[in-house]
Amino acid sequence: MNKLIVAPAPHTHSGDSVRRNMLLVILALMPAFAVSIAAFGWGVIITTAISIVACVAFEWLIAKFLLKQKPTIQDLSAILTGLLLAFNLPCNLPWWIVVIGAFVAIAIGKMSFGGLGQNLFNPALVGRVFLLISFPVQMTTWPRPLGFVTNYIDAATGATPLAAMKQIVKGGDASALNKLPDLWDTFIGLVGGSFGEVCALALIFGGLLLIVTRVITWHIPVSILATVALFAWIGTPACMHPHTYILYSLCTGGLMLGAFFMATDYVTSPMTAWGKIIFGVGIGFIAMVIRTWGAYPEGVSFAILIMNACVPLLNKIRPKRFGEIKK
């Protein structure tokens, strides 16, 4: 009996799969989703459902009729893209704009590169940035968290914490301090903004779940958050205490969502530990530069997409092979 089997790698299987990892990420997003529903009401459910259905439909149609491939929607990647895209939108965004964002995310951000595993940029962020540039008024009209009394379209709107911080940092307007919400409200999600990014506590809980289950590693989230904290400390406005400014910088905007769920995407992030750390530092630095001197109060989405383009270069950073002779 021949007990020697010759075969190419891999020789062992960890039991991991794309579907399992996508499912764990979706489950890790559920605490933030639940808080968003409680804070913003039916608009969260409607926007999320439209985004997910549109992303799944566009991926199936493109794979079936344009690429002539067997649709792979069963791997849950299209559902996750739709969920993450929705998390980056206001809950009162008109349905047809959500559909356009889903089309851009799937058709341009993902399928134009050949599908899952081949895209250079995070698809959900491609869709979000396209909508932000194309529909700036609708994408920056933020409903206030009023619970289930919040209407889908005619929601009461208000400024975000980042907008007030922009006035303080860029304009030196100390009176804008009165516009800042309570720091605890930014931590638990009782502030305006894209509905999936407002509850820092729920996003941290979900991110730690991904680290514990080894879906992601600590390198990217920690390097992003540490870099933002460092530059916030260095650039603290004169009218604010450094610790207060650091906490507002960490808990507001899309930083927690981006650090744990967007930047850690397997396909669009580096493979090596040092590559991931440099990747995270770059995201944190660019985000703070845009927040401080850019036209937009938020810069996390742009920072992640810019660093996505650097991933092929960062993947050149590899450990020395055993027995390699240095030339």
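Val300, Ser301, Phe302, Ala303, Ile304, Leu305, Met307 and Asn308 are the buried residues of helix H14. This is a predicted model, by the way.

What do the buried residues of H14 pack against? Their partners are helix H5 (123-134), helix H12 (255-262), helix H13 (273-293) and helix H15 (311-314).

Now for the pockets. Here are the two side by side:

| Pocket | Volume | Lining residues | Lining classes |
|---|---|---|---|
| Largest pocket | about 430 Å³ | 25 residues | 15 nonpolar, 8 polar, 2 charged |
| Second largest pocket | about 240 Å³ | 19 residues | 10 nonpolar, 6 polar, 3 charged |

Let's start with the largest pocket. If you want to find its centre, look for Met22, Leu80, Leu116, Asp265 and Tyr266, the lining residues that lie nearest to it. Helix H1 (18-40), helix H3 (77-87), H5 and H12 each bring at least two residues to this lining.

On to the second largest pocket. Trp142, Thr160, Leu162, Glu197 and Glu298 are the lining residues nearest its centre. H5 and helix H7 (161-171) are the elements that give two or more residues to its lining. Which element gives the most to this lining? That's H7, with 3 residues.

Methods. Residues numbered from 1 in each chain as written. Predicted model: local features only at pLDDT ≥ 70, side-chain atom pairs only at ≥ 80, totals over all residues. Heavy atoms only, no water. Buried < 20%, exposed > 50% of the residue type's maximum accessible area, 1.4 Å probe, protein only. Helix = DSSP H or I, 4+ residues; strand = E, 2+ residues; numbered from the N terminus. Contact = heavy atoms within 4.5 Å. 1 Å grid on protein atoms, 1.4 Å probe; cavity = no way out; pocket = protein on both sides within 12 Å on 5 of 7 lines; lining within 4 Å. Points joined across faces, edges and corners; volume = space filled by probe spheres on them. Nonpolar A, V, L, I, M, F, W, Y, C, P; charged D, E, K, R; others polar.
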